[in-house]
Amino acid sequence: MEKIEHTTVHTNGINMHVASIGNGPVVLFLHGFPELWYSWRHQLLYLSSRGYRAIAPDLRGYGDTDAPPSLTSYTPFHIVGDLVGLIDKLGIEQVFLVGHDWGAMIAWYFCMLRPDRVKALVNTSVAFHPRNPVRKPVDGLRALFGDDHYICRFQEPGEAEEDFAQIDTAKLMKKFLIFNTPKAPCIPKETGFRGLPDPPALPSWLSEEDLNYYATKFHQKGFTGGLNYYRCLNITWELAAPWTGVQIKVPVKFIVGDLDLTYHVPGVKEYIHNGGFKRDVPFLQEVVVLEGVAHFLNQEKPEEVSEHIYDFIKKF
């Protein structure tokens, strides 16, 4: 871990913290919520030892990267802009892209907007969601799960932050990272996230040291930046109208855990396995479903996920 280099790159009007290691073709890792570059620590070491330059930034609003105050500054258009600026600054023409959770959403947009900069994509947890021209995403979630669905709960600025502030940050991070129920959390307003059961002992894949790293950074930074990605869902839907129906035209491998809550959203399994996914992502080459694995698969099964990434990108 001490061999990982940490730098700050000025891009798209913000200062971005970047962790990197190794030399060779570039693999750019995009983390999700509530995570940091640190979520990819195992993959950085694995791929750098196999002849790749592994790069993992803290995305806008996270960790040691700037967090612009405006709620509307967190659309995928902003984040992809940050990343294109980053690779421009580093003099990199094309990257292998790897995403998880929100990082996966950003990766789909990256491939939609700038396929010329991507050699291939390994995406995890969140399948491609083609834009529905008649219904905004938050409205769709509300219709499906009701107002208590966690993404609906995140919409009101300040509300989730206030809720989170009532819980010790390390305990909150533990609740998030060890959440391994396939059912998406519904959070009644009265009990909030503090009402989620306290997780048992740490699993083997998460140490106190890991937990403290996350807790320290989120304690310093707060959660607003990360929550703003959710608050931009409907704005993004409006801005993305010109790309309705656009296919993802880069080679893709998709990995998901069979206990991942994203895999159990009604209709998602059918979309992934019955031809819809392949229709929208025509160069989809592999779909991997990991057994007994929940949402944070890159940390739960680091060796396995690293091998899956390597096996795919080494073909190109």
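In this predicted model, Glu-35 sits in a loop, the one that runs between strand β3, residues 26-30, and helix α1, residues 41-48. Although Glu-35 carries a side chain that counts as negative, it is buried and takes part in no salt bridge. The nearest side chain of opposite charge belongs to Arg-41 and lies 7.2 Å away, whereas a salt bridge would need a nitrogen of Lys or Arg within 4 Å of a carboxyl oxygen.

What joins the side chain of Glu-35 to that of Ser-39? The link is a polar contact of 2.8 Å, and a further polar contact, of 3.4 Å, joins the side chain of Glu-35 to that of Gln-299.

Strand β1, residues 5-11, pairs with β2 in the antiparallel sense over seven bridges, and the two strands form a hairpin with two residues between them. Thr-11 stands opposite Ile-14 of β2, while Asn-12, which lies in the turn, has a positive phi of about 50 degrees. Strand β2 itself, which covers residues 14-21, is mostly covered, with seven of its eight residues buried. β2 also pairs with strand β4, residues 53-57, again in the antiparallel sense and over four bridges; within that pairing, Val-18 has Pro-57 in β4 as its bridge partner. As a general point, the side chains of a regular strand alternate between the two faces of the sheet.

The cysteines remain to be considered. How many disulfides does the model contain? The count comes to zero, where a disulfide would require two cysteine sulfur atoms within 2.5 Å of each other. For Cys-152, the nearest cysteine sulfur is that of Cys-186, at 8.2 Å, and Cys-152 is in no disulfide; this residue is buried, with a relative accessible area of 5%. Cys-232 is likewise in no disulfide, since the nearest cysteine sulfur, that of Cys-152, is 16 Å away and the cut-off is 2.5 Å. Cys-232 also counts as buried, at 0% relative accessibility.

Key: Residues numbered from 1 in each chain as written. Predicted model: local features only at pLDDT ≥ 70, side-chain atom pairs only at ≥ 80, totals over all residues. Heavy atoms only, no water. Buried < 20%, exposed > 50% of the residue type's maximum accessible area, 1.4 Å probe, protein only. Polar contact = N/O pair within 3.5 Å; in protein donor to acceptor, adjacent residues only side chain to side chain. Pairing = 2+ DSSP bridges.
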